[in-house]
Amino acid sequence: MKSEGTATTVRLSPAVVRELRSALPTIANRTVAAVTSEVSEYRRAVFGSEMGVAIEGAVELALATFLRVTTTQDDETVASLGPAREAAYSLGRGEARAGRTMEALLGAYRVGARAAWEEMAALIVRRRVPAETVARFAQLVFSYIDELSGASVAGHRDELATSGRVHEQLLERLAVGLLVGETLDQLTVRAERVGWPVPDTLTAVVLRSAHVANAAQLLDPNTLRLAGDLAPHLGSDELAVLLVPNAHRSRAALISGLAGRGATVGPTRSWAEAAVSYRRVLRAIDLVLRPDNEPIDTEAHLIALVLSADGDALHDLRTRALAPLADVRPAVADRLTETLRSWLLHQGRRDEVAAELNVHPQTVRYRMGQVREVFGEALADPTATLELIVAMAIPEPT
């Protein structure tokens with residue numbers, strides 16, 4: 001009981017103190033009865049008889065501490081409030097672990113304080129204690145209850161903060177395990193430990209950190225989040241990773257919801273193979289240009305991803321397949337390469353090639369004449385043709 005410049009004791013006769021002390025079991029019983037009757041989260045059915053007895057004992061002990069402190073003058077007795085505060089703090093933490101709300105806890109204190117005061121007040125009024133003393137005693141009762149409830153609230157808040165952070169850390173470790181490709185057994189243990197419901201599939205998404213909170217509101221509430229500086233091979237606090245459960249049910253909706261958030265969306269895989277989805281996202285981030293922060297669907301870039309799997313090999317293939325153009329002026333070589341690529345992809349349909357290149361069909365005919373002069377019989381060789389198609393399928397990195 002904090003009281004700056006105010007007395008913390010009350011003068012009661014030894015007989016009244018003894019009577020109050022002997023009445024404490026009854027007061028505690030009626031206090032707990034009031035709480036379990038009026039505060040739904042503290043009903044007897046919730047606790048059972050054994051827990052109810054334990055709570056009555058705790059209430060009786062708290063009231064006995066109060067009575068001893070308020071009717072004794074020595075400093076040593078006043079110091080005994082410390083254990084009562086600690087007990088109240090522990091109570092608050094325990095209530096948070098039990099899943100009861102802070103509102104319920106404060107409600108229990110309010111009801112308990114009122115019930116305890118009514119019982120004690122009835123006794124001291126019967127003993128004709130002066131009104132001034134009764135008022136002072138009431139002030140001390142409610143001050144004491146306020147102090148204990150404050151300690152319980154602090155304990156409740158600290159437990160939620162601690163347990164919430166521990167839960168968050170366990171989810172982060174699960175996310176890392178999924179991204180690095182831990183075994184199914186390891187991942188299952190991690191999911192069970194944190195109480196994460198295992199989905200059928202996961203889809204990896206990397207997006208700008210500033211958009212994570214808003215994007216997560218549109219997604220499954222069991223979506224795992226991981227800051228970019230914790231994600232393997234990402235190492236950027238400007239980016240973050242989401243592992244979205246069961247996005248295969250509406251991939252189009254997922255991508256639409258990520259519009260304008262600089263997101264790259266990997267393929268959907270079984271939940272334990274999320275690392276496959278994540279690796280593809282990482283490769284797409286390095287490979288694909290993002291127009292105006294719009295989402296990149298890696299499923300739309302499979303050819304580029306496949307062909308870029310071995311960049312050195314692709315470079316060597318390009319060099320060999322396009323070797324006949326090595327002696328042609330660069331500007332002409334670029335035009336002929338562009339025309340040959342379109343010609344092969346459109347299977348020689350001149351009008352379609354002309355439309356794609358925005359030139360006259362006669363220009364296409366002229367350029368293809370030059371191409372045939374340069375490449376000769378190679379254009380009739382299926383293997384050489386395949387090498388040319390692959391070599392020119394995606395632009396060479398600059």
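How much space lies in the largest pocket? The legends below treat this predicted model in close-up views.

**View 1. The largest pocket holds about 720 Å³ of space.** Lining this pocket are 30 residues. Closest to the pocket centre are Ala58, Val59, Ala62, Leu91 and Tyr109.

**View 2. Helices supply the lining of the largest pocket.** Two or more lining residues come from each of helix H1 (14–38), helix H2 (44–70), helix H4 (81–97), helix H5 (102–126) and helix H6 (131–180). H2 gives the most, with nine residues.

**View 3. The lining of the largest pocket sorted by residue class.** Nonpolar residues number 23. Five lining residues are polar, and two are charged.

**View 4. The largest nonpolar core has 40 residues.** Leu12, Leu20, Trp117, Met120, Ile124 and Phe137 make the most contacts inside this core. H1, H2, H4, H5 and H6 each give two or more residues to the core. H5 provides the largest share, 13 residues.

**View 5. Trp117 and the residues it touches.** Leaving out residues up to four places away in sequence, Trp117 touches Ile124, Val134, Phe137, Ala138, Val141 and Phe142. Two of these partners, Ile124 and Phe137, are also listed with Trp117 among the residues with the most contacts inside the largest nonpolar core.

Terms used: Residues numbered from 1 in each chain as written. Predicted model: local features only at pLDDT ≥ 70, side-chain atom pairs only at ≥ 80, totals over all residues. Heavy atoms only, no water. 1 Å grid on protein atoms, 1.4 Å probe; cavity = no way out; pocket = protein on both sides within 12 Å on 5 of 7 lines; lining within 4 Å. Points joined across faces, edges and corners; volume = space filled by probe spheres on them. Helix = DSSP H or I, 4+ residues; strand = E, 2+ residues; numbered from the N terminus. Nonpolar A, V, L, I, M, F, W, Y, C, P; charged D, E, K, R; others polar. Core = buried A, V, L, I, M, F, W, Y, C linked by side-chain atoms within 4.5 Å. Buried < 20%, exposed > 50% of the residue type's maximum accessible area, 1.4 Å probe, protein only. Contact = heavy atoms within 4.5 Å.
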